[in-house]
Amino acid sequence: MQLNLTGRSVLVLDGSAPAAVTVSALLHRCALVTVAAPAVCAALEDLALRGRLTWVTTPVDESRFDVVLRTVAPSEAGSAAAVRTAGHVTLVGAGPGDPGLVTVAGRAAVKQADVILTDRLAPWEALKWARPDAEIIDVTKIPYGRSTSQEQINALLVEHARAGRHVVRFKGGDSYVFGRGFEEVTACAEAGVPTTVIPGVTSSIAAPELAGIPVTHRGLVQGFTVISGHVPPGHPDSSIDYAALARTGTTLVVLMGMRNLAAIADALVAAGLDRNTPCAVVADAASAGQRVLRSTLADVVADTAEAGIGAPAVTVIGHVVALGPAAVQAVATASRCSDT
Ligand code: SAH
């Protein structure tokens with residue numbers, strides 16, 4: 001796709017998972033995308049829920065759009081011949097969202113795959129590297145919405161590998177950082193299916209970095225702690241000692257924490273962390289929709305609500321936030337919205 005699509009309106013008349021690959025590429029190039037289809041795959045629904053695209057179920061006036069795409073053919077290279085051996089599952093950590101942040105090994109695995117199971121936070125645009133005949137299965141879990149259960153995902157991995165296929169499990173960030181990757185590897189091992197794991201660039205480090213925030217900085221902070229905010233402090237399922245966390249002296253990075261941010265901030269302040277501690281929220285990192293908000297522990301909840309910033313987002317708490325935006329743009333930000 002070589003056209004300059006920044007700000008151009010594009011109508012896509014296809015809601016399938018292969019169409020989502022093309023839509024992802026369009027969004028990466030800052031196009032204004034409308035999908036008109038009676039039904040869409042979960043990943044497209046998720047993008048619509050997050051306001052990244054407009055989804056309509058009724059016919060629209062096509063003359064209002066700069067570009068209309070009817071049949072969607074996502075495959076770009078697609079000629080890599082798979083080396084066919086016994087079935088196999090490869091977990092690919094696909095990075096935070098920019099296809100440029102998929103590893104070289106991850107890209108090679110995508111090119112060779114017969115079947116790719118992917119979900120919403122993985123860079124769908126990168127699936128243009130897949131063979132034209134590869135099957136793309138959308139196993140998106142929309143938070144508090146439509147989802148494919150982990151048991152179904154495990155069963156699909158095993159089923160396809162047992163049928164002799166090369167299966168790629170394409171996951172956002174790194175598969176072992178809140179990615180349930182080890183559950184999938186274990187399920188495969190129990191079923192006698194061989195697996196390979198390709199590490200990925202985790203959003204816990206990349207999202208702050210793309211916002212100009214280093215998670216460590218010599219002379220300022222000697223470590224960082226990554227936690228899940230999926231359950232609030234004090235919840236029976238929470239195993240995090242917030243009092244200890246408040247004393248670590250490390251940068252705190254919270255994933256899946258937007259819904260419980262108020263409770264998390266309160267628990268940290270109650271445990272003695274200075275309420276003026278600098279804090280940043282980085283949403284939709286490594287995408288054209290990336291947003292960064294800088295605040296303090298005391299004000300971060302009100303400020304994010306006012307700015308309308310929501311998940312997926314990483315919250316960074318610590319003095320590294322006050323170092324200021326890096327003078328040099330990170331590589332993925334620099335390439336965004338360009339056609340190169
Ligand atoms: N395995 C992933 C994390 C999965 S948990 C990784 O290593 O990055 C999902 C959470 O990751 C989201 O709720 C959000 O906190 C964070 N996240 C993933 N991708 C993100 C992105 N592009 N921008 C901001 N946060 C992201």
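Does Tyr-144 count as buried or exposed, and at what relative accessibility? At 59% relative accessibility, Tyr-144 counts as exposed; buried means under 20% relative accessible area, exposed over 50%, and partly exposed in between (1.4 Å probe, protein chains only). This is a predicted model, in which local features need pLDDT of at least 70 and side-chain atom pairs count only at pLDDT 80 or more, while totals for chains, interfaces and linings use all residues. Residues are numbered from 1 along each chain as its sequence is written, and side-chain values use heavy atoms, with hydrogens and water left out.

**View 1. Tyr-144 and Arg-180 each have a positive phi.** For Tyr-144, phi is about 60 degrees although this residue is not a glycine. Tyr-144 lies in the loop between strand E7 (135–138) and helix H4 (150–162); helices (H or I, at least four residues) and strands (E, at least two) are DSSP runs, numbered from the N terminus. Arg-180, also not a glycine, has a phi of about 60 degrees. Its loop runs between E8 and H5, and Arg-180 is partly exposed at 37% relative accessible area.

**View 2. Ser-175 is a buried loop residue.** Look for Ser-175 between strand E8 (166–171) and helix H5 (181–190). The relative accessible area of Ser-175 is 1%. Leaving aside residues up to four places away in sequence, Ser-175 touches Leu-91, Val-92, Gly-93, Arg-180 and Gly-181, where contact means heavy atoms within 4.5 Å.

**View 3. The ligand lies between domain 2 and domain 3.** Domain 2 (88–201) and domain 3 (204–335) both give residues to the shell around the ligand, so the ligand sits between them; the domain bounds come from an automatic or database domain assignment. The shell has 11 nonpolar, 4 polar and 2 charged residues. Here Ala, Val, Leu, Ile, Met, Phe, Trp, Tyr, Cys and Pro count as nonpolar, Asp, Glu, Lys and Arg as charged, and the others, Gly among them, as polar.

**View 4. A cis peptide bond joins Ala-311 and Pro-312.** Omega is about -5 degrees, and Pro-312 lies in the loop between helix H9 (300–307) and strand E14 (313–317).
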